[in-house]
Amino acid sequence: MTATTADVWLPFPAEEIDGLPENLNYLFWDGGTEYPGNPADCAYYVVPYMKGPEIAQRPLAAMSGVQVVQTLSAGIDHVEPGLGLLPAGVRLCNAKGVHEASTAELTLALILASLRGFPGFVHGQDKEEWRSGFYPALADKSVLIVGYGSIGSAIEDRLAPFECARVARVARSARTTARGPVHTLDDLPALLPEADVVILSTPLNPSTQGLVGADFLAAMPDGALLVNVARGGVVDTKALLSELESGRLRAALDVTDPEPLPQGHPLWHAPNVLITPHVGGSTSAFEPRAKQLLAAQLTRFAAGEPVWNVVTTTG
C-alpha cells in the first residue's frame, strides 16, 4: 500500500481540517460501533481523543496494513498495551506540541487554588460565610517537577513570574538545560525533603507506575502539596489517602486511580484535596492545535517524509 492510496481514519471530519493533502482517503471515526471502512485498509490511524483504552485499541488487531498510529494525547499508555497486535514497523506518535500550554495552565491553577484556599472559599460562598485569613503563597516556595519533558518545561515557563525560591527538575535521563540541571529518579530521596510543591508530569510506564508510594510521600515535608497532571497510576492512591487523612500533606489531582473516580470513593471527601476531572488538555486550545498537528503529519506522510513525535516503533 502506498501513501497515495491510503485510508486515514480521523476523529474529526476531514473538511474541518485545513491543509490536509489531497492524495489520501479520509474516513471519520470517533469511536462509534461501526467502522468507517475496512481496518485492514487503514494506513494512518488517529486514535479518538479521551475515549479510553478499549476504543483506542479496538481496531488494532484488524489493522494489518497500518503504518502510523497517532494519538492526540501526550501519553500513549491507553494504546501501548495493544501494540503487540500490530505488524512490525508501525510508528506510534504522540501529540507533543498540542497539550503543553493547556496542561501547564491547569497545573498553575491547581497550585494557586490549593495554596490560596480556593476550595474553602467556594464552600464559604455557598454558605454565605466570609472566610478571611492568611494562606500560603507560591512565592518563596521550592518546587520539584517530576517529569521534565515538554509539559514539564512548559510548567516551569509559567512558574517563572511567581518568584519561587527554587525549581528542581527530574526526568528519566540527567542533562543540563538553560535553566539548570535535570536530575534522575535516583535523586528523588535527596530532592523531596526540600520540596514544598511536587508536580507530577511524567508519562505512565513501568518505571513510573506507583512511583509515588508511601516512601515517596513520607519523604515530602509536612504541609507539602502534591500536584498530579500526569496519570493516576503514577500515585499509590491508598498511600496518598493515608497522608491526606492524617492532615500531613495536601494534593491537587487532575488524574486519579481509579479513573473516572467512582461515587463513594474516599478520595472525593478526603481532607486537603482538590480534584479536577482529567481536563488538563481539554480546552479551547486543543482542537485547533490537534488539527494543525494532523495536517502537518499527514502532509509529511503523503510525501514519504519522516513523521514527527515517534515514541516507539513496533518490532
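Mentor: Residues are numbered from 1 along each chain as its sequence is written, and side-chain values use heavy atoms, with hydrogens and water left out. Because the model is predicted, local features need pLDDT of at least 70 and side-chain atom pairs count only at pLDDT 80 or more, whereas totals for chains, interfaces and linings use all residues.

Trainee: What makes strand 11 and strand 12 a pair?

Mentor: Strands are DSSP runs of E with at least two residues, and helices are runs of H or I with at least four, both numbered from the N terminus. Two strands pair if DSSP finds at least two bridges between them. Strand 11 (residues 225-228) and strand 12 have four bridges in the parallel sense, so they meet that rule. Within this pairing, Leu-226 has Ala-251 of strand 12 as its bridge partner.

Trainee: Why is the crossover between strand 11 and strand 12 called right-handed?

Mentor: The word applies if, with the strands pointing away from the viewer, the path from the first strand over the helix to the second runs clockwise. Here the chain goes from strand 11 through helix 7 (residues 237-246) to strand 12, and this β-α-β crossover is right-handed.

Trainee: Which way do the residues of strand 12 point, and are they buried or exposed?

Mentor: In a regular strand the side chains alternate between the two faces of the sheet. In strand 12 (residues 250-253), Arg-250 and Ala-252 point one way, Ala-251 and Leu-253 point the other way, and all are buried, where buried means under 20% relative accessible area, exposed over 50% and partly exposed in between, with a 1.4 Å probe and protein chains only. On its other pairing, strand 12 runs parallel to strand 13 (residues 273-275) over three bridges, and Ala-252 is partnered there by Leu-274.

Trainee: What makes strand 8 and strand 13 edge strands?

Mentor: The open sheet of eight strands has the order 8-9-7-6-10-11-12-13 and mixed pairing, and strand 8 (175-177) and strand 13 each pair on one side only.

Trainee: Why is one side of strand 2 and of strand 14 left without a neighbour?

Mentor: The other open sheet, of six strands, has the order 2-1-3-4-5-14 with mixed pairing. Strand 2 (25-28) and strand 14 (310-313) stand at its edges with a single partner strand each, so one side of each has no neighbour in the sheet. The partner of strand 2 in the parallel sense is strand 1 (residues 7-10), over four bridges, and Asp-7 is bridged to Asn-25.

Trainee: How do you know that there is a cavity, and what lines it?

Mentor: On a 1 Å grid over the protein atoms alone, a cavity is a set of points where a 1.4 Å probe fits but cannot get out, whereas a pocket is an open set with protein on both sides within 12 Å along at least five of seven lines; lining residues have an atom within 4 Å of a point. The count comes to one cavity of 30 Å³ or more, and the largest cavity has a volume of about 50 Å³, a volume being the space filled by probe spheres set on points joined across faces, edges and corners. Its lining includes Asn-228, Leu-240 and Leu-253.

Trainee: What is the volume of the largest pocket, and which residues are closest to its centre?

Mentor: The largest pocket has a volume of about 1,100 Å³. Among the 47 residues that line the largest pocket, Ala-74, Asn-94, Ser-201, Thr-202 and Pro-203 are the closest to its centre.
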